[in-house]
Amino acid sequence: MTSTGVASQTRRLGFHPGAWICWSTCAGIVAFVTTDPVYLLLLWAVAWFVYASHRSAGATAASFRIFVLAGVLALIVRVALVFLGTVNAANVAFAAREGLRLATILVVFGTFNAVTDPFAVVRLAPRRFHEPALAAALALSIAPRTVASVQTVREAQRLRGINVSPLRSLPALAVPVLERGMEDALTLAESMDARGHGGGRRTRYRPQPFTPAAATIAASAALAAGTFLSASFGGWAELHPASLARPEADPLLLVAIAVLAVPGMLKGERA
Amino acid sequence: MSAATIAPVASTRAPRLRIAALIVVNLLGAMAFLWPFALPALLDVTGNEEHRIDGPWILLILLVSLGTLLFLELGRGGLGPKAVALIGVLGAAMVALRLPGFVAGFSAMFIVVLVAGNAFGPSFGFLLGAVGTFASGLFVGGLGPWLPFQMVAIGWVGAGAGMLPRDGSWPVRIGALAAYGFVIGYAYGAVLNLWSWPFVAGSSAIGWDSAAGGIANLRHYVTFYAATSFAWDTFRAVGNAALVIVVGKPLLASLDRAARKMRLHVAEPITRQGA
Amino acid sequence: MTPPALRYDGVSFTYPDADRPALDAVDATIDDGSFALVVGPTGAGKSTFLRAANGLVPHFTGGVFSGRVHVDGRDTLASAPRKLAGVVAFVPQDPAASFVLDRVEDELAYGMENLGVDPAHMRRRVEEMLDLLDLAELRERSVRTLSGGERQRVAIAAAMAAGPRILVLDEPTSQLDPQGAEHVMAALQRLVHDHAMTVVLAEHRLERVAGWVDVAFGVDEGRVFTGDPAAVIHRLAVGPPVARLGRLVGWDPVPLTVRDARTAARAHANPVANGHASLGQTSGEVIVAANALEAKHAQRRVLRAIDLQLRQGEIVALMGRNGAGKTTLLRTLAGVHDVARGSVIVDGHAPQPGVDVALCPQESDAVLFSETVEDEVRATLAARGNAHGAVSPWLERLGIVALARQHPRDLSAGQRLLVATAAIAATGAPVLFLDEPTRGLDPDSKEHLARFLRSHTADGGVVMFATHDVELAAAVATRAVMLAGGEIIADGSPADVLGDSHVFAPQMTRVFGPGWLTPEQVAEALT
């Protein structure tokens, strides 16, 4: 296999994943404590904005759309459930708002998935979890090999007259793929052993720095969540409007949600 | 031919304490799934009558108990390169199987956990289930608060498979595994649905009612389940059993051979003088 | 005086469940700073010998071990392999399967992370390794996107990053094409000559290596003897074609490189220049015809305007560098790759895979899924509707009847290829394609394969195999086709096509001129 261009294969380092985890948790909390459609829909817009500004080039970017779809589906299901009980306008509106809340949480996580790099997330693992984290990273990097293996085997079997389909001759497909995987596992284990795996204290090579930008993201998100939580416990704003009433929009809370858009306004780290 | 068992290097603490801790934590984990039935009246955070399940507090408690379970199981260390490599390769298979986007959720992913759990023991089965699910979530970009639930649930599936018969005749081994796979198809779906039930069904007629007793909630849940995932779970249950019957034996044979080739039972090398 | 890099004292080792020892009372000393070759027939114990150097044998494998191995003065029995990672680096045969992380840079650092090296020091070492093995532009790349030669260099750098002075490699060039192999060998040469490292490697393809090493260790049935490379190779009766020639005509010392052979030839003999007509042109019927064939792969045109006809009785060697389109051509002719333009006709219609045409892929293991060799062949017969057909004829043709009841995956790589070929030939297809069949193959299996190819075509079939193995092409092909950039640039008798190329000329051609292909040919002419 020959070398190909560099640009398409290098990895861009986004913000420290810890910042994103903080952001999505806080945004999730915000969505969780309210069923006011004004706040929720604004949060949708914010999530979309952050996604658009920072989506990674990898395959996970496509997940945003999937999460949005899942959210819409959840909303529909929730509303449909109303018809199992008493049906009236108030109940339907209520159900719609609860569904919207769930959908918003999903959209927030859609953004999270689209902007983070899976390997960066694994690299975060504290030393104690080094081995399972490494295993997860391995699973991610070996997966393409496994998929290629399946295609190779399927074609090879076809070329000797065995047509593998999900129900027929499945062992002819599954066994060679597994066997090859097992051989690879042996080579890998040897190599890891020979390179000192499990030999005591580990250090980290070039850990991703938690930059001021990342800190800003984390802090602003925490602020937003804190504001909402304070409203939730302190009761100084209406977070759950009554069914058919006009939803309110407390200016302070609106600002809090806008603050969650901060990541969208910061530039990403080195490409 | 006896099957190999992979277990992390034993911890130095008292084994009984360890087992007790394991039981407690697994119970906590179970609680995280079954709380809607067990907790009759939960603090109503907002005081608002229309909402009973509220506050991120419940979610927090759930996540903490599952987190503790995962923390203990995954943080044991002492896995060694062979186990890590095996989890990596088998986890890759789980990730790869997620791709075709099986209609019934990640049905095919189960076969890996079932077979590997049976071949390598409950400890390995749990680890593979948890780590493989995590990796596959990372891969398809499906991370979310549901992940700890998935990880623990599939981990339990793997652990259970490891407790089924592993030596002895093939028909017994395959039969038991197929039956287990079938039951798990439903159990997994039912249990995982439990997590989303209070939030999706909310305070509808079949939602979780903190004021009602356990039985009433159970009835509500059964209806919810029937309406939502029963069909999919049937697909999954039948699929699992069918896969085990069709490819279980050759796959298990491969794994057993691999265990031998990788010398998983590495005893201390025997040394001899002279010669 | 510096202690030896590696010392084996009376080492015997038996794998668990094995009935014979893999190593038998081995005494060997590898001096500091030497470039050592470990050579021997397949299954003789080379891998075991190498793995004893860093303790993988016996700590990783278990088993019964006696004697002692000292690496840089340290006893391998007393330290687990992970403790020796800073002392000796081990590079397995297939680097792609041994990578742990995704980015080249991270991969290099992994070993040092394990050893708890502090980050500043790690940074410096990584930079050094990148320079040492010429990997600086690749630092951010994903290891999955590298070529074979680059991967091997990354694996070496990763193993060495922790600072060991001793490097042990298991068949580093077996998966590489000639150019990739050159790069790796040059890098190893640099390490020994400029950086005072000790390098120990096992190799099959001795024509690459024989001229570069200082000392050789011959391994035969678990016993090890040492000497200078020529002597060891001679004693084991292995070696590049020039060595085979030397043995056949009784030259002493047996030449190991083309240069040595030319010197010896000048001194001893001078056969007729440009001897030998091509190995018989066949004029059988055309079975496979490709017309203005074009094929794509991932939006790129891989095959352009291919016009090719394969006749009954031909054994065609398809050659060309990696990426030239050999595999795509085989797959398109076999009917599993889409034709973008033009046509492929086999026996009057589009090729039917598994019926008219059969293809043995590069990873021949991909087809093996049964519990015994017999069952493997039977599976093909069953798929062709002939479940009760006779299995043994197919095994006989490949010379593997003795292996009938064995588990295919327990066999050596060469034997597995023969089983896969039998399984594929059992389709009864007259057209057989093989994609790089001789990668990492032992001489015995090669011989069986060659015999089978001849018998298949004698019965009216046609065979085309893609290969880098010039010597195999020279020995068995009746026709050679050279592919470059998706086009056929040469098509004719092996003597003409191979003789005309610098890169692909067999050693006999390089020594004696065009028309001379195999040592046996030359030996006959000289005596």
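What percentage of the 275 residues in chain B is buried? I looked this up before anything else, bearing in mind that the model is predicted. Buried residues come to 51% of chain B.

**Chain B**

I went on to the secondary structure of chain B and noted 9 helices and 1 strand. Among contacts with a separation of 6 or more, 77% join residues 24 or more positions apart.

**Domains of chains A and C**

I looked up the domain assignment of chain A. Domain 1 of chain A is given as 17–121 + 211–265, and domain 2 as 127–194. I took the distance between their C-alpha centres, which is 39 Å.

For chain C the assignment gives domain 1 as 6–96 + 149–239 and domain 2 as 286–492. Here I find the C-alpha centres 34 Å apart. The contact between these two domains of chain C involves 10 residues of domain 1 and 8 residues of domain 2. I sorted the domain 1 side by class and got 2 nonpolar, 6 polar and 2 charged residues.

**Strand β15 of chain C**

Next I picked out strand β15 of chain C, residues 357–360.

I followed the pairing of β15(C) to strand β16 of chain C, residues 431–435. The two strands run parallel and are joined by 4 bridges. Within this pair, I noted Phe433(C) of β16(C) opposite Leu359(C).

**Chain C against chain A**

I then turned to the contact between chains C and A. It brings 64 residues of chain C together with 48 residues of chain A. I listed the elements of chain C that each supply at least two residues to this side: α2 (56–60), α3 (104–114), α4 (119–132), α5 (148–160), β15, α12 (373–383) and α14 (413–425).

By class, I count 34 nonpolar, 14 polar and 16 charged residues on the side of chain C that touches chain A.

Key: Residues numbered from 1 in each chain as written. Chains lettered and ligands numbered in written order. Predicted model: local features only at pLDDT ≥ 70, side-chain atom pairs only at ≥ 80, totals over all residues. Domains from an automatic or database assignment. Contact = placed C-beta atoms within 7 Å. Nonpolar A, V, L, I, M, F, W, Y, C, P; charged D, E, K, R; others polar. Buried ≥ 20, exposed ≤ 12 C-beta atoms within 10 Å, placed from the backbone. Pairing = 2+ DSSP bridges.
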